[in-house]
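Subject: Structure handover

Hello,

Here is the structure I promised to pass on. Please open it next to this email and read the two together.

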Amino acid sequence: MTDSELDALRAKRLAELQQQQGGGNQNDRNTGEEQRQQQEDMRNTMLSSLLTQEARARLNTIALTKPEKGRMIEDILIQNARRGAFGGGKVSEEQLKGLLEQVSKVTEKTTKVNFDRRRAALDSDSD
């Protein structure tokens, strides 16, 4: 997806939002919910046009198991698409795997186990 297509989508959504806000006196909560839903729809539309079917399925699986990681990957994909990093083509599953590996290396958590020997020595279960 090229920058001009993305800009056209943004302009269209902005015009729709402005029309809805000026169209009537709606409750602020409903308007906020509708705006959030429209933003999610726009996000899903961009991701669908950006990813192949296999890559989209993999991303959905990740989002189901780890929602915060799925959201982070989606954000990275959308930012890269806006910068034109994908050259206007669709992102394949292999490219998505590479991106996932890079993100995993950056967000890798190390665990450290501390064993408190004093507490183990005071245990009275050996009676």
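Below is what came out of it, starting with the overall fold and ending with single residues.

Overall fold

Keep in mind that this is a predicted model. The protein chain has 6 helices and 0 strands. From the N terminus on, the order of elements is α-α-α-α-α-α. The chain holds 127 residues, and 21% of them are buried. I also looked at contacts between residues at least 6 apart in sequence. Of these, 69% join residues at least 24 apart.

Helix H5 and its partners

Start with helix H4 (residues 67-83) and helix H5 (residues 93-106). Their axes come within 11 Å and cross at roughly 115°. The crossing of H4 past H5 is right-handed. On the H4 side, the contact is made by Lys-69, Met-72, Ile-73, Ile-76 and Leu-77. On the H5 side, Leu-96, Leu-99, Leu-100, Val-103 and Ser-104 take part. By class, that contact has 8 nonpolar residues, 1 polar and 1 charged.

Now turn to helix H3 (residues 53-65), which also pairs with H5. Here the axes come within 8 Å, and the crossing angle is roughly 35°. H3 brings Glu-54, Ala-55, Arg-58, Leu-59 and Ile-62. H5 answers with Glu-93, Leu-96, Lys-97 and Leu-100. This contact of H3 with H5 divides into 5 nonpolar residues, no polar ones and 4 charged.

The largest pocket

The largest pocket has a volume of about 220 Å³. It is lined by 14 residues. Closest to its centre are Gln-38, Gln-39, Glu-40, Met-42 and Arg-43. Which of them gives the largest share? That is H2, with 7 residues. The lining as a whole divides into 5 nonpolar, 2 polar and 7 charged residues.

Gln-35 sits in helix H2. Is Gln-35 buried, exposed or partly exposed? Its relative accessibility is 25%, so Gln-35 counts as partly exposed. Leaving aside residues up to four places away in sequence, Gln-35 touches Leu-17 and Gln-21. Gln-20 is 15 residues from Gln-35 in sequence. In space, the two are 9.6 Å apart, C-alpha to C-alpha.

Asn-60 is in helix H3. Its relative accessible area is 35%, so Asn-60 is partly exposed. Glu-74 is 14 residues away from Asn-60 along the chain. Their C-alpha atoms are separated by 10.0 Å.

Glu-5 lies in helix H1. With a relative accessible area of 43%, Glu-5 is partly exposed too. How far apart are the C-alpha atoms of Glu-5 and Arg-82? They are separated by 10.0 Å, although the two residues are 77 apart along the chain.

Best wishes

Definitions and conventions
Residues are numbered from 1 along each chain as its sequence is written. This is a predicted model: local features need pLDDT of at least 70, side-chain atom pairs count only at pLDDT 80 or more; totals for chains, interfaces and linings use all residues. Side-chain values use heavy atoms; hydrogens and water are left out. Axes are lines fitted to C-alpha atoms, for helices over the stretch in contact, and angles run from 0 to 180 degrees between N-to-C directions. Helices (H or I, at least four residues) and strands (E, at least two) are DSSP runs, numbered from the N terminus. A crossing is left-handed if the near helix is turned anticlockwise from the far one by less than a right angle, and right-handed if clockwise. Contact means heavy atoms within 4.5 Å. Ala, Val, Leu, Ile, Met, Phe, Trp, Tyr, Cys and Pro count as nonpolar, Asp, Glu, Lys and Arg as charged, and the others, Gly among them, as polar. On a 1 Å grid over the protein atoms alone, a cavity is a set of points where a 1.4 Å probe fits but cannot get out, and a pocket is an open set with protein on both sides within 12 Å along at least five of seven lines; lining residues have an atom within 4 Å of a point. Grid points are joined across faces, edges and corners, and a volume is the space filled by probe spheres set on the points. Buried means under 20% relative accessible area, exposed over 50%, partly exposed in between (1.4 Å probe, protein chains only).
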